[in-house]
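Here are a few notes to read with the model open beside you. Take them one at a time and find each spot as you go.

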Amino acid sequence: MNDFSAAKDQANFVMKHNNSFCNTATDMSNEYLEKASPPNPRKIYADCILRASESQKSSIKSSMRCKCTPLEWFLTLFPIFSWLPKYNWRTDLSFDLVAGTTICVMHIPQGMAYALLGNLQPIIGIYMAFFPIIVYSFMGTSRHVSMGTFAVVCLMTGKVATERMASYAAVQLKLNDSALLSELYLTDDETTPGSPYTSEQIATVISFSVGIWQILMGTLRLGSLSVLLSAELVSGFTTGAAVHVLTSQIRNLLGLSLPRRNGLFKIPLTYVDIMWNFGNINVTAVLFSVFTISSLVIFNEVLKPIAARKIPFPIPIELFTIIIGTLVSKYWITSKEYGFPIVNHIPTGLPTPSLPPIEILPDVIVDSFVIALVAFVISVSMAKIFAIKHNYQINPNQELIANGTSNFVGSLFMCAPISASLSRSLIQEQVGGKSQIAGLFSCSLIVIVLLWIGPFFETLPHCVLSAMIVVALKGMFLQFLDLPKAYNESLLNAVVWVAAFIATVLLDIEYGLGVGLIFSICTLIFTSNKPHINVLGTYADSNVYVDASMTQAKEIPGIKIVKYTGSLNFATIELFVEKLQLIIPPTEPKRKKGANNLGGIIVSTISKEKINDNVSIDDNLCDFHPAMVQLQESISWIILDFSSVSSIDPAGVKALKSLTKTYLKKDIQLIFVGCAPSLFQVMERCELLSQAGIEHFFSTVHDAVTFCCVPNFEQINNNANQAMSPDSINIDCVTTNVPYQVIQNSIFEKIPNNT
């Protein structure tokens with residue numbers, strides 16, 4: 001009955017420590033108890049894991065089968081129809097109306113300002129606040145992000161559009177030497193004469209391509225790839241992009257007419273151009289810029305905190321700024337008199353849908369992928385922050401499809417690519433927005449601007465919009481504070497931040513993202529291929545196993561417990577083997593032939609009284625404490641704690657098989673502890689289980705130590721039949737932790753007294 005009890009105890013242990021084994025362990029314990037000849041109880045844990053792994057295989061296969069109905073597919077594609085019937089119109093509608101009104105007020109100045117970054121007409125920014133937002137409200141899963149114009153994405157779009165226009169103009173001039181033909185393709189952009197496509201047309205093609213990329217990635221369920229872009233990478237990259245945004249607006253702040261720099265080192269070269277043309281600055285534009293920046297800074301830093309305590313809604317200072325700037329430029333300091341650029345014509349009404357010039361799609365397909373990736377990462381990062389804060393779930397793959405569809409539909413209405421805005425999203429959450437209803441209400445107010453109010457802003461100076469952009473960059477420049485934090489947490493994280501920032505500033509935006517991604521992946525590979533190997537010991541003679549170098553930690557004589565943390569694969573297995581052989585050299589001499597190896601017990605010649613003096617007594621076989629009987633110093637058991645091993649490949653299993661053979665030749669046996677079911681599957685396929693013996697696999701280190709210290713009853717009883725006197729028997733435990741009562745019951749009481 002002891003074997004029966006041990007079997008059931010082992011099964012119960014598995015049930016307590018891994019829920020996936022519960023059913024398997026229960027069935028097996030009952031099955032073993034019903035058998036006439038119970039199996040070796042040491043095999044229970046391994047059998048449970050094998051059966052559980054087979055169960056997991058079948059459950060994974062069944063989960064991969066598509067069981068969704070057309071209605072479930074529709075509700076997944078359009079989440080609004082899932083939560084709208086449950087929407088609390090009484091309590092939540094008022095918050096969404098306030099949030100929608102606030103965001104609409106912010107959309108107008110930011111849309112017009114960020115459109116300049118994309119080398120687009122200001123009205124395009126307002127279009128981007130209307131058409132894509134409607135689509136996202138129906139398909140998005142985040143309740144708080146505010147989609148629309150975003151500085152980094154608009155800047156990247158404008159860069160690609162400017163480069164493409166210059167390329168087309170160069171080709172056109174080569175094909176047509178006639179000045180007459182060149183004038184036929186003359187555009188409004190004075191820096192790129194001769195281009196057959198306007199900046200708005202190229203931007204719509206980029207939006208079309210970005211939408212296709214994002215829909216494709218969402219369909220292929222690649223939303224999880226965003227984890228490759230670490231927080232340090234995104235922070236360093238966006239901070240470097242903020243430098244690009246600031247540099248691109250200096251020409252408007254100073255009223256200068258500068259050539260647009262492209263390619264590597266364009267930021268340093270732009271500042272060289274500014275220094276050479278510093279004498280041509282427009283004083284009126286500078287005064288407009290200084291007044292606008294100082295007013296916004298004073299309000300945001302001084303007056304806004306005071307007003308927030310007395311007024312329940314945020315004051316739209318940006319909207320007031322563009323209204324005042326428009327009125328001053330229209331009735332007092334005019335553009336014709338002082339020579340600073342203004343917005344000029346703003347059309348009214350809604351644009352008619354039309355397909356963008358897709359013939360140039362191959363020219364922007366690569367750049368569009370980078371923009372699609374950056375826009376998605378920024379959007380999903382903001383969405384995750386709000387989802388965690390407000391305790392709801394977002395679906396990254398559905399977010400990809402929602403963003404892609406928004407960009408695709410927006411490209412039919414002259415829109416550039418969109419993304420989540422950091423500032424607008426924070427405001428929408430702070431004023432109490434509850435759902436995507438806030439975005440729909442914002443769109444309904446934007447229609448009024450598009451139909452009637454738009455022409456009012458025709459006299460708005462460009463320098464006012466640029467000043468608003470510069471002030472809005474404060475949050476992005478504050479990300480410099482992330483660098484000391486990243487350095488304190490990890491030097492590698494700081495290296496990723498610095499690499500992404502420097503590459504973005506000195507090279508270009510897409511190069512910065514690529515360099516940062518390479519550094520991030522290299523950091524990931526370096527950390528994953530630098531595993532930790534520790535030797536464990538018991539803490540203060542308890543059942544707790546800690547690093548042997550700790551105070552009050554003692555190694556168990558005869559047993560070496562090695563804990564491995566990391567992945568065992570072709571890149572790390574060599575390091576593991578080297579360190580293990582350094583800890584336990586396989587060249588250790590064999591034990592003496594005079595000692596009988598009885599399952600970890602060596603019968604030698606000391607008296608029973610000496611045993612009583614040196615061995616601590618414990619009545620419980622499974623819960624004894626490691627109060628040791630220290631006899632021989634040679635290692636008989638190596639316990640490999642693989643509870644922190646995430647994965648293993650065939651190369652790793654092959655090395656373990658070789659280690660098993662090598663150490664077995666020196667009478668050292670390997671015990672494997674805490675192997676996850678995924679590891680068992682690989683070990684089984686690579687035949688490690690059959691070679692090492694399934695009885696050498698345990699769930700915990702303490703179970704393995706118990707196994708190494710408990711005598712082999714059958715061998716002891718067989719040897720006991722040799723009629724040895726109890727007084728002449730001395731037991732020398734090569735391993736550890738043998739309770740006196742176990743030794744006494746298993747040997748002395750079972751030896752016939754015939755001497």
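1. Start with Thr-572, which sits in the loop between β6 (559-568) and α26 (573-583). This is a predicted model, by the way. Is Thr-572 buried or exposed? Its relative accessible area is 1%, and the cut-off for buried is under 20%, so Thr-572 counts as buried. A polar atom of the Thr-572 side chain lies 2.5 Å from the backbone oxygen of Ser-567.

2. Next, hop to helix α24, residues 491-507. At the start of α24, have a look at Ser-490: one of its side-chain oxygens comes to within 3.3 Å of the backbone nitrogen of Leu-492.

3. Stay with α24 and check which residues are tucked away. The buried ones include Trp-497, Phe-501 and Val-505, along with alanines such as Ala-494 and Ala-500. What do the buried residues of α24 pack against? Their partners are α12 (231-254), α13 (266-276), α23 (482-489) and α25 (509-528).

4. Last, a helix pair: α8 (residues 131-139) and α20 (residues 437-453) have axes 9 Å apart and pack at an angle of about 160°. Angles over 145 degrees count as roughly antiparallel, so that is how α8 runs relative to α20. The crossing of α8 past α20 is left-handed. On the α8 side, Ile-133, Ile-134, Ser-137 and Phe-138 do the touching, and they meet Gly-439, Leu-440 and Cys-443 of α20.

Conventions
Residues numbered from 1 in each chain as written. Predicted model: local features only at pLDDT ≥ 70, side-chain atom pairs only at ≥ 80, totals over all residues. Heavy atoms only, no water. Helix = DSSP H or I, 4+ residues; strand = E, 2+ residues; numbered from the N terminus. Expected span 1.5 Å × (residues − 1). Buried < 20%, exposed > 50% of the residue type's maximum accessible area, 1.4 Å probe, protein only. Contact = heavy atoms within 4.5 Å. Polar contact = N/O pair within 3.5 Å; in protein donor to acceptor, adjacent residues only side chain to side chain. Axes fitted to C-alpha atoms, helices over the stretch in contact; angles between N-to-C directions. Parallel < 35°, antiparallel > 145°, perpendicular 65-115°, else oblique. Left-handed = near helix turned anticlockwise from the far one by under 90°.
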